[in-house]
Amino acid sequence: MGTPLDSRDAQVEEVLDRLYDAYPDATISLRYSNRLELLVAVVLSAQCTDERVNEVTTDLFEKYPTAADYAAADEDELADDIYGITFHNSKAGYLKSIGETLVEEHDGEVPDTMSALTDLSGVGRKTANVVLQHGHDVVEGIVVDTHVQRLARRLGLTTEESPTKIEDDLMDLVPEGDWQQLTHLLISHGRAVCDARNPDCADCVLEDVCPSSKLDSEVDLASGEAWS
């Protein structure tokens, strides 16, 4: 029986407590060793699995160790180097442009402000938040990827639909000290249990407080549609 708690504040507190217990080691799954590698990996991860990104970047990071290397790259060759990544041709253009901007405006370094990061090609607020949090230890927002978007709606933490509005809603609701880890917890749970098409509600630590539980509800609040 999925019955959410009486307030969103109580609901998010319960969700956090249970997910911290279930996923004590939840963290970013992209592999990187410096800020540039992190930035590149997150750009490549858009609409692509982290596992695939990690496979591709093993050789990519060795071939292009600096921003200047991306700036000087032949774009077609760079596209071949990231072949297998979703939209690899477009992302090759992003990486070359990012390298050029970093060299021309930031002495080859990855900037540490939201505005400077989102000025880079292929970098939106989600990507910038990841780079700030894991590259610069600056937490000024919540990373809202597809897992966070889906689970936040399913669990009744928000009724907003766009990532930007969901982020604003969650930032008002979630204690600031939990902003970074909330993302990792929801991603971990989304991958392990609460996937998009067929969540395993019977084996979910949140089932009894989830208003979208297939065991109790006819509607998936993530999509607003009836469960199939």
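Predicted model: local features only at pLDDT ≥ 70, side-chain atom pairs only at ≥ 80, totals over all residues.
**View 1. The largest cavity has Cys 194, Pro 199, Cys 201, Cys 204 and Cys 210 closest to its centre.** Its lining has 16 residues, and they split into 10 nonpolar, 3 polar and 3 charged. (Ala, Val, Leu, Ile, Met, Phe, Trp, Tyr, Cys and Pro count as nonpolar, Asp, Glu, Lys and Arg as charged, and the others, Gly among them, as polar.) The count of cavities of 30 Å³ or more comes to 1. On a 1 Å grid over the protein atoms alone, a cavity is a set of points where a 1.4 Å probe fits but cannot get out; a pocket is an open set with protein on both sides within 12 Å along at least five of seven lines; lining residues have an atom within 4 Å of a point. Grid points are joined across faces, edges and corners, and a volume is the space filled by probe spheres set on the points.

**View 2. Helix H2 (residues 35–45) is mostly covered.** Here 10 of the 11 residues are buried, among them Leu 38, Val 42 and Ser 45. (Buried means under 20% relative accessible area, exposed over 50%, partly exposed in between, with a 1.4 Å probe and protein chains only; helices, H or I, of at least four residues and strands, E, of at least two are DSSP runs, numbered from the N terminus.) The cover includes helices H3 (50–63), H4 (67–72), H6 (88–106) and H8 (125–135).

**View 3. Gln 47 and Asp 137 each have a positive phi of about 55 degrees.** Neither one is a glycine. Gln 47 sits in the loop between H2 and H3 and is exposed, with a relative accessible area of 66%. Asp 137 belongs to the loop between H8 and helix H9 (146–154), and it too counts as exposed, at 70% relative accessibility.

**View 4. The largest pocket has a volume of about 560 Å³.** Of its 28 lining residues, Ser 45, Asp 50, Lys 126, Asp 145 and Ile 187 are the closest to the centre. H2, H3, H8, H9 and H11 each give two or more residues to this lining, and H11 gives the most, with 5. By type, the lining has 10 nonpolar, 13 polar and 5 charged residues.

**View 5. The second largest pocket has a volume of about 210 Å³.** Val 43, Ala 46, Gly 122, Gly 124 and Thr 127 are the closest to its centre, out of 14 lining residues. At least two residues each come from H2, H6 and H8.

**View 6. Pro 211 is in the loop between helix H11 (179–192) and strand E1 (219–220).** Leaving out residues up to four places away in sequence, Pro 211 touches several others, including Gly 2, Arg 154 and Leu 221 (contact means heavy atoms within 4.5 Å).

Methods
Residues numbered from 1 in each chain as written. Heavy atoms only, no water.
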